[in-house]
Amino acid sequence: MNLINATFDWLEANFKGEVDFVVWTGDNARHDIDSRVPRSLPEIFDLNRYIAARIRQAFGKVPVVASIGNNDIYPHNIMFPGPSAITTEFLDIWRHHIPESQLHTFAGGGYYSIEAIKNHLLLISLNTLYMFDNNKAVDGCPPDDESGRDSDPGTEHLAWLEQQLLLARARGMQVWLTGHVPPTPENWYPRCYDTYGELVLSFHDTIVGQLFGHMNVDHFTFIGASDVLPSSSSSRPLTSPSSPVNVLRSSGSVAETLKETYEALPKRRKTHLEDYSVITINPSVIPTYFPAVRIWQYNTSVESRWQQPMDAAIQRENETQLVSLQGDESEDDEDEDHEDHDDLDGDDDDERPPPRARTFLSALAAPLQLVPTTLISLLPPSHPLFSIFSPSPLPLKKRKKHKRRPRPPPRMPRHFSPDSPSLTNCYLTPLGYSQFYIDLDGANLHSGFGPGEKGRAAEAESSLQSVRPPPKWQVEYLTFGAEAFARGLLGGGQGSAVPVGVLDEDVRKVVQGEGVDKVASIVDALRKAKVVPYELGDLTVGSWVGLARRVVKTKKRWRKFLRRMCGGEV
């Protein structure tokens, strides 16, 4: 509990009143690892109630989107359809975070949505346990007409998600999707993954980002059209990491499968960005490796707001193909001995003034029937309602796990635009994040903190916990460009979310000192401190795809990326 309390104390001291909303991806209870100390359901609920209280204390009354983790239930991984004792108890624990209009939905399934910015930005909490293939209490999202009993909770959940996305798009809103277990072919049941993948690609112009946890390591992956749709421009299927164990070195490890995913991306000129949806997986506070939290920033320049068309969905055959035009690497090899940018410096030729930025925190992360299905099925395809509402799900053929199978034609139109926030830096586009971590190895060397002879000696001298110095949070890395971040430190913007006090000492001295050209001096200090390895202009799909290509371009770059996956602990 010392680490948890130190984390919330630090967050409250530095970010209370500074964030717009909090993403909380679950797994707050002690994991069921030590068989000598078995867990119990009351203990799990008590730990979740404590974390909920600390979040409310640390951030006040900001929107919080919380998700149930596979270790937040008992037995772990197994969750039956609601309403249940689990959903009822979490409804009470999270009563401050769930809007009144969503109480019934949460009681039935453990998921909900909340408007972080009224009429502009919607946060959707997914209960990924209903799609998780280790949950043997569910059937893996079968179509309704194939089940001989009540609807599968995963099927119902994804139908609810589709309605949420339809409604958000009809209102011109952008959406963040969050949950615990990330959607990958090996983590989710095949039908659940295919249906979800089709949804996120169909609402490409509405979904601005996806945040998940569970894996305990820092990485990102993609859902590709070649994985979930019957035909697309992508020639090779992608692979995705599966299990949070054996992270780096074993055959089939996260690192190995992630490298395969990045290497499977087509070359820049053959890339259709509308065929990719980005999944970001956050590191954890209770560590498998070093603990970490993220502060994200997003574009708040309302004048740059993209107005989505309200006509028929944009179809591929009628649209000029999209290619990655920003945040990507050049085709030429870069100098491998150039250390200032960590061999991952990006080309950012955009000289427009940096957009205004706001921040949110990513830490620890009965359905509405809009139009009767029968009515939709009776309407001709040319009817305007087909621009907004999708037809009912079509039956899918069974498949054996991990094997490809023929897929039916897409059941819904695909909405995408090169000018939407997921593809172009405009209002609500994520600009980047700052990742903070604790070097526990260093912290444990302090007298009175952690294991070792010094720690035990200090405990013997005094039983007071206050003698233990708290762990020190520091910047691990930033995704921003060095110059944009430097200007933000001096005058608001991309660097304004980072407290000067947690910066590297040399960087802090430059920021607080005097100088004629402070921006150039800060840029130089940031690069010397090696905290700006990627220098991305934003976090659009093109930037993520470009970064994936860059980190697998050489062995040196890949080793450095692996080190950051584990908070510098490899």
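Student: How far apart are the end C-alpha atoms of helix α2, and what should its 19 residues span?

Tutor: This is a predicted model, and in it the ends of α2 (residues 41-59) are 27 Å apart. At 1.5 Å a residue the helix should span 27 Å, so the two agree.

Student: Which residues of α2 are buried?

Tutor: I44, F45, N48, I51, A52, R54, I55, A58 and F59. In an α-helix, residues three or four places apart point the same way, because there are 3.6 residues a turn.

Student: And what follows α2?

Tutor: G60, with a positive phi near 75 degrees.

Student: OK, the core. Which residues touch the most other members of the largest nonpolar core?

Tutor: That core has 144 residues, and F59, W94, L161, Y196, F222, Y262 and F436 touch the most other members. F59 is also one of the buried residues of α2.

Student: What does L161 touch, leaving out residues up to four places away in sequence?

Tutor: I124, L126, L177, Y196 and L199.

Student: Switching topic: where is E535, and is it buried or exposed?

Tutor: E535 sits in the loop between α14 (518-528) and α15 (541-551). Its relative accessibility is 9%, so it counts as buried, the cut-off being under 20%.

Student: What does its side chain reach?

Tutor: The E535 side chain reaches the backbone nitrogen of A482 at 2.8 Å. It also makes a polar contact of 2.9 Å with the side chain of R527.

Student: What's the mean pLDDT of the chain?

Tutor: 78, with 71% of residues at 70 or more. Residues 243-251 stay under 50, though the model has 22 contacts for them beyond four places in sequence. Where pLDDT is low, the predicted coordinates should not be read in detail.

Note on methods. Residues are numbered from 1 along each chain as its sequence is written. This is a predicted model: local features need pLDDT of at least 70, side-chain atom pairs count only at pLDDT 80 or more; totals for chains, interfaces and linings use all residues. Side-chain values use heavy atoms; hydrogens and water are left out. Helices (H or I, at least four residues) and strands (E, at least two) are DSSP runs, numbered from the N terminus. The expected span of a helix is 1.5 Å times one less than its number of residues. Buried means under 20% relative accessible area, exposed over 50%, partly exposed in between (1.4 Å probe, protein chains only). A nonpolar core is a set of buried Ala, Val, Leu, Ile, Met, Phe, Trp, Tyr and Cys residues joined through side-chain atoms within 4.5 Å. Contact means heavy atoms within 4.5 Å. pLDDT is the predictor's confidence in each residue, from 0 to 100. A polar contact is a pair of N or O atoms within 3.5 Å; within protein, one must be able to donate a hydrogen and the other to accept it, and residues adjacent in sequence count only if both atoms are side-chain atoms.
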